[in-house]
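Colleague: I would like a close look at one part of this model, the aromatic side chains, and then whatever else you can describe around them.

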Amino acid sequence: MISRHRRAVGVVLALHAAAAVAGLAPPWLLGTIVDRVTAGAGVATVDRLALAIAGCVLVSALLSRYAQYAGHRFGERAIAELREEFVSRTLGLPVSVVERAGSGDLATRSSVDVSTIGTTVRDVVPTIVISSVQLTLLFGAIFLLHPLLGLAALAGLPSIVAALRWYLHRASPAYLTEGAAAAELTETLTTTAAGARTVEALRLTDDRIRHGTDRITRLWQARRATLRLRTVFFSVVEASYPLPIALVLLVGGYLLSRGQVTLGAVVAAALYLQQAIDPMDRMLQWTEQAQRGFASYARVLGVGMVPPEPPGRAATSRGERVVVQGARFSYSGGPDVLHGIDLEVQPGERLAVVGPSGAGKSTLARLLAGIDAPRHGVVSIGGCPVTDLDPAERRRRIALVTQEHHVFIGSVRDNLAFAAPDASDEQMRAALGTVGADWCAALPDGLDTQLGDGARQLGAAEAQQLALARLVLADPHTLILDEATAALDPSTARRTERALAAVLVGRTVIAIAHRLNTAHDADRVAVLADGRITEIGSHDDLVAAGGAYSALWRSWHSRADERPR
């Protein structure tokens, strides 16, 4: 980061160094005043030297002010670049990796950790560098006054160095633990807030409170651990400051009695040591902040160290036939949730996948979309394994729309342009009309209407229609609809499905269906139970067979008849 901004960093360091040099003059001038007065100098001499002190203080203050200004400009530019790189790296990760990390962890890294790095780059590094230069100059000036005074001035360093080594050895792991605990708390609060209705409906409030309290306790314990480190460290450092000043005065008095130094030299040495407390304090305090910064830097750069999504060994595939052969899959080394799935979907065919909750329908959809790879077996399109396709090519050919949807902050046009950046306003309106999003015509600013926090809020059904309109604009050949109309009421869902039917002609469609109307309209229906395909065939054939699908259809149809009209 610094290497990309060498000129800015050079200016910052030069200004701070000049301010440090200007700050050396006042103690020396004050010592000169003492010696001149002792020698019988008059008021004019004192006034002249006092004016010089005031001038040096003013110059030092101005240089410090502009050094801080330049440092803040550099820091903000560098942090803006870091945020952009973080987003780019995150978007380059496989979707499965992002999902495992969790939104709370990524949010903490992109906000709290990046802000901590900003403080480190903007304030910590320049302060530590310049404080080191100032201390070198101050102790060098004391040695120039008399070598014995210089040795006496170093009396407090051994205890400070020992405390610093003790602290640095323990600080980095402690701050990494604190950052991880903060991420866990953010994840807990985010997921609880997002699922507030589910928590309330299932009476999970007490459980979520206990879970949140546990995460808060972990963060509290992690922060207490870092606080204990700081308490020991700063106590030792603060206790080390008076010793060198006292020793310099004792040694200075002895040398003065023997005529080896002047009174002004002893006063200047004591003032230099007193002046050294401020950069020493700043350097040690910012060293503590630097540990936070480096721990945050590790968390932010850690995202970039995760292997990106592989480019794929095949640029394209030959054909559109989807084949699943002996696919088995498990999450994080657990038991298999899919057991030897065999499935073939012809180009242009509409296949509905039905089954009870937990049967593995969404997992199969993820394998078909190439988000996850099977543990055994293969999922291919046109004879090429889906995971071997280049990610850009795979996303162009295969689109997965789930029951989860997201409305980005921005206009309606911005939200649709994600799927087709070159789409015209007419194409966007047509896509919205295709999915039955009649509400868009009533928006005050049309496609320019702002959505998201602080603007127009979309309901679950409207947001899902917006996601389906993106699908229409993306125009892939193979569509995987994982309960894509789940948030719509039955009449709106049916109308949307009919509208989509015209758009889906000629495309391969694999629909994870929870409403069996979708299965009724499909060319074939696959019944998934306990991670296995137990039945497959047309709707009429499966109903006539009297198996699991027939029972599902009769049960669903009877409930539909009982609904109030």
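Colleague: Which residues form one aromatic cluster?

Modeller: Tyr167, Phe233 and Phe234 make up one aromatic cluster. The model is predicted, so local features need pLDDT of at least 70 and side-chain atom pairs count only at pLDDT 80 or more, while totals for chains, interfaces and linings use all residues. Residues are numbered from 1 along each chain as its sequence is written, and side-chain values use heavy atoms, with hydrogens and water left out.

Searching the whole structure gives four aromatic pairs (rings of Phe, Tyr and Trp, the last by its six-membered ring, with centres within 6.5 Å; planes under 30 degrees apart are stacked, over 60 edge-to-face, the rest tilted). Tyr167 and Phe233 are stacked, because their ring centres are 4.7 Å apart and their planes meet at 15°. Tyr167 belongs to helix α6 (residues 157-194) and Phe233 to helix α8 (residues 205-240), so this pair ties together parts 66 residues apart in sequence. Helices here are DSSP runs of H or I with at least four residues, strands are runs of E with at least two, and both are numbered from the N terminus. Tyr167 and Phe233 are both buried (under 20% relative accessible area, with exposed over 50% and partly exposed in between, for a 1.4 Å probe and protein chains only).

Another pair is Phe329 with Tyr331: the ring centres are 4.8 Å apart and the planes are at 90°, so this one is edge-to-face. Phe329 is buried at 7% relative accessible area, whereas Tyr331 is partly exposed at 40%.

A cavity is a set of points on a 1 Å grid over the protein atoms alone where a 1.4 Å probe fits but cannot get out, and lining residues have an atom within 4 Å of a point. Of the 13 residues lining the largest cavity, Phe139, Tyr241, Pro244, Leu273 and Met280 lie nearest its centre. Helices α6, α9 (242-257) and α10 (263-305) each supply at least two lining residues, with α10 giving the largest share, four. The lining has eleven nonpolar, two polar and no charged residues (Ala, Val, Leu, Ile, Met, Phe, Trp, Tyr, Cys and Pro are nonpolar; Asp, Glu, Lys and Arg charged; the others, Gly among them, polar).

Elsewhere, helix α11 (residues 361-369) is mostly covered, with eight of its nine residues buried, including Lys361 and Arg366. Just after α11, Gly370 takes a positive phi of about 80°.

Key: 1 Å grid on protein atoms, 1.4 Å probe; cavity = no way out; pocket = protein on both sides within 12 Å on 5 of 7 lines; lining within 4 Å.
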